[in-house]
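Here's a quick briefing to read with the viewer open. Take a look at the model first, then work through the notes below.

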Amino acid sequence: MKPWKVLSERQVYEGWRPVFQRTYAHPRLGEATVDISGKKAEQDANMIALDKDGMVIVGRQFRCGPEKVMDELPGGQVDQGETPLHAAIRELAEEVGYKPGAIEELGFTHRDAWRDSVSHYFLAIDCEPLDEITHSHDDFEVIEVQKISIAELINNAKSGHMTDAGGILLAYDKLKELEKKYETTN
């Protein structure tokens with residue numbers, strides 16, 4: 001199978017998450033027009049952050065889409081000229097007030113089939129609180145910093161109580177190894 005050719009594209013909504021209509025040369029229909037949300041080639045970076053005791057640092061927020069409070073990995077948009085790793089470290093500091101110890105790149109996922117975006121994921125262990133709180137949430141963000149166990153993180157991802165479940169899947173084997181390590185040391 002080959003990618004479909006883009007025949008045209010136009011922005012139909014401008015806002016925090018713009019919407020574009022793209023018309024493709026469709027192999028059966030001739031042409032097909034679809035809505036794509038988000039900025040072109042948008043990237044975000046997210047950090048699975050564990051403190052020295054093996055507890056996972058998450059941000060708990062109300063999310064308007066599902067209309068419920070969810071746990072989230074610290075993360076956000078990769079700014080122009082910034083690497084995904086730098087963005088993940090910055091977001092860890094801004095959203096939950098921690099700095100990472102050792103960091104491992106986990107990989108990336110595509111958010112969904114109707115967005116032109118990539119989500120990068122990193123795992124940081126031995127995270128420590130920043131000396132000075134430098135939270136700089138977006139105006140819309142109201143974040144409660146929580147520490148949960150690795151088991152709870154995985155359960156939340158499986159049960160729809162958190163966003164970024166794809167990142168947890170990327171980290172699953174490593175998280176299970178770390179869970180055993182912290183059980184034997186605590």
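Let's start with a helix pair: helix 2 and helix 3 pack with their axes 9 Å apart, at an angle of about 155°. Angles over 145 degrees count as roughly antiparallel, so that's the label helix 2 gets relative to helix 3. One thing to keep in mind throughout is that this is a predicted model.

**The helix 2 and helix 3 pair**

- If you're checking handedness, the crossing of these two helices, helix 2 and helix 3, is left-handed.
- Which residues make the contact? From helix 2 you get Ile150, Ala151, Leu153, Ile154 and Ala157.
- As background, a pair of packed helices is described by the angle between the axes and the distance between them.

**Helix 2 up close**

- Helix 2 covers residues 150–158, and its buried residues are Ile150, Leu153, Ile154, Asn156 and Ala157.
- Look down the axis of helix 2 and those buried residues fall within an arc of 160°, so they line one face of the helix.
- What do the buried residues of helix 2 pack against? Their partners are strand 3 (30–51), strand 4 (56–63), strand 5 (68–72), strand 10 (144–148) and helix 3 (165–185).
- After helix 2 comes Gly160, with a positive phi near 80°.

**Backbone angles worth a click**

- For context, most residues other than glycine have a negative phi.
- You'll find Asp126 in strand 9, which runs over residues 115–129.
- Is Asp126 buried, exposed or partly exposed? Its relative accessibility is 29%, so Asp126 counts as partly exposed.
- Asp164 is another non-glycine residue with a positive phi, this one near 65°.
- Asp164 sits in the loop between helix 2 and helix 3.
- Asp164 is buried, with a relative accessible area of 8%, which is under the 20% cut-off for that label.

**The chain as a whole**

- In total, the chain has three helices and 10 strands.
- Going along the sequence, the pattern reads β-β-β-β-β-β-α-β-β-β-β-α-α.
- The C-alpha trace spans about 60 × 35 × 35 Å along its principal axes.
- How many of the 186 residues count as buried? That share is 41%.
- Take the contacts between residues at least 6 apart in sequence, and 59% of them join residues at least 24 apart.

**Near the start of the chain**

- Pro3 lies in the segment before strand 1 (6–13).
- Pro3 has 78% relative accessibility, so Pro3 counts as exposed.
- Pro3 and Tyr24 are 21 residues apart along the chain, and their C-alpha atoms are separated by 9.6 Å.

**Confidence**

- The average pLDDT for the chain is 91, and 95% of the residues score at least 70.
- Among the elements of the chain, helix 2 has the highest mean pLDDT, at 97.
- Strand 3 has the lowest mean among those elements, at 92.

How values were computed: Residues are numbered from 1 along each chain as its sequence is written. This is a predicted model: local features need pLDDT of at least 70, side-chain atom pairs count only at pLDDT 80 or more; totals for chains, interfaces and linings use all residues. Side-chain values use heavy atoms; hydrogens and water are left out. Buried means under 20% relative accessible area, exposed over 50%, partly exposed in between (1.4 Å probe, protein chains only). Helices (H or I, at least four residues) and strands (E, at least two) are DSSP runs, numbered from the N terminus. The arc is that of the directions from the helix axis to the C-beta atoms. Contact means heavy atoms within 4.5 Å. pLDDT is the predictor's confidence in each residue, from 0 to 100. Axes are lines fitted to C-alpha atoms, for helices over the stretch in contact, and angles run from 0 to 180 degrees between N-to-C directions. Angles under 35 degrees count as roughly parallel, over 145 as roughly antiparallel, 65 to 115 as roughly perpendicular and the rest as oblique. A crossing is left-handed if the near helix is turned anticlockwise from the far one by less than a right angle, and right-handed if clockwise.
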